[in-house]
Amino acid sequence: MVMLMKVAFFSAKPYDRSSFDAVNRTFQHELIYLEAHLDETTAVLARGCGAVCAFVNDSLDRDTLCALRELGVRMILLRCAGYNHVDLQAAGELGLLVARVPEYSPFAVAEHAAALVLALNRKIHRAYHRVRESNFSLDGLMGFDLNGCTVGVFGTGKIGTAFCRIMQGFGCRILAYDLYPNKALIDSGVHYTDKDTLLIQSDILSLHCPLTPETHYLIDEEAIAKAKDGIMLINTSRGALIDARALIQGLKSGKIGYVGLDVYEEEGDLFFEDLSNQVLKDDVFARLTTFPNVIITGHQAFFTGDAMQAIAATTLNNLSHLEAGKPCSNLVSLPSGG
Ligand code: NAI
């Protein structure tokens, strides 16, 4: 008799249910949708399940993983690309298999980064409100031509590459930094350089690398001091790539001209929830929202119908492979295999 493995699906939103249910008609897995975020205290909700499905702001630290293992969970299905929130050392020691969705739609995220660039440059967020108030003044709405601008791209993996191509379409000169330069991009005219040159020469700098110990606070006070005056910073990767306090100082001094964020270091307490009836407790975030030249979106860059369908398909396919003991190319582990 085939024993079907139950999956505890944490941080479930209505849009998760609809995309997963649609794709699951083919797979027929037993998905138990839970609104709760996963952490050490909620892990108990996975009792009776062999797998958990988790999202970006679920906690997968050692304590949570130990609690899950004790309940009999054997697999962690991440329905996201990044895995910086998983203690892979602990997962390896506990014998937990961790799978992710390495690629679903790089275009979704790259296009959102481009949307932030365009909105910030042409001040669409301010114009939208003015026109609704019958204020048709153009004062303060002046932008600049993207054509001929220098765009720096930090991390040219799948998303960074898609972003390079979009910005090339606008006639921008593209500088890039990555540990592993992409030959196809070089052939298309992208110039790889060092981190400092990227900061010094870029009119727009967009971050597309993962969060690792090496990239933590990549943009700090020192980096901001080196940056071109009036630089536009875009971060759709992970919040802790930027020291938000240093960002505020850079904005206050005018050194930074524009900021577009889809991620924030402390977003776990904020994003994906309707907190409009509550007092905002995060003073750093609150200050960031007061600048006219800052646009923040709540980790929505991935959020297209195409991406959601692809996330559901890959996640459920990962589960089928792991359940059947077949090789799964989307497993993540420490480089040592630990
Ligand atoms: P990827 O793995 O294809 O590319 C990452 C690139 O960063 C690689 O080329 C890698 O060599 C480079 N890199 C790694 N460490 C580096 C370092 N220390 N210095 C310079 N380059 C370094 O990943 P992908 O799919 O392009 O995603 C990038 C990031 O975007 C993810 O790690 C994730 O944090 C974020 N993301 C955000 C989403 C959102 O909705 N806002 C959705 C999906 C991903």
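Predicted model: local features only at pLDDT ≥ 70, side-chain atom pairs only at ≥ 80, totals over all residues.
Residues are numbered from 1 along each chain as its sequence is written. Local features need pLDDT of at least 70, side-chain atom pairs count only at pLDDT 80 or more, and totals for chains, interfaces and linings use all residues, while side-chain values use heavy atoms, with hydrogens and water left out.

Contact (heavy atoms within 4.5 Å) involves 13 residues of domain 1 and 10 residues of domain 2. About 1000 Å² is buried between the domains, 54% of it on carbon and sulfur atoms; buried area is the accessible area (1.4 Å probe) lost by two parts on being put together, summed over both. In domain 1, the largest losses to domain 2 fall on Lys13, Asn57 and Asn84, together 42% of what that side buries. The interface holds 1 salt bridge, defined as a side-chain nitrogen of Lys or Arg within 4 Å of a carboxyl oxygen of Asp or Glu. A salt bridge joins the side chains of Lys13 and Glu273 at 3.0 Å, N to O.

A polar side-chain atom of Asp178 lies 2.6 Å from a ligand oxygen, and a polar backbone atom of Ile159 is 2.8 Å from an oxygen atom of the ligand. For Asp262, a side-chain N or O atom is 3.0 Å from a ligand nitrogen.

Notes:
Polar contact = N/O pair within 3.5 Å; in protein donor to acceptor, adjacent residues only side chain to side chain.
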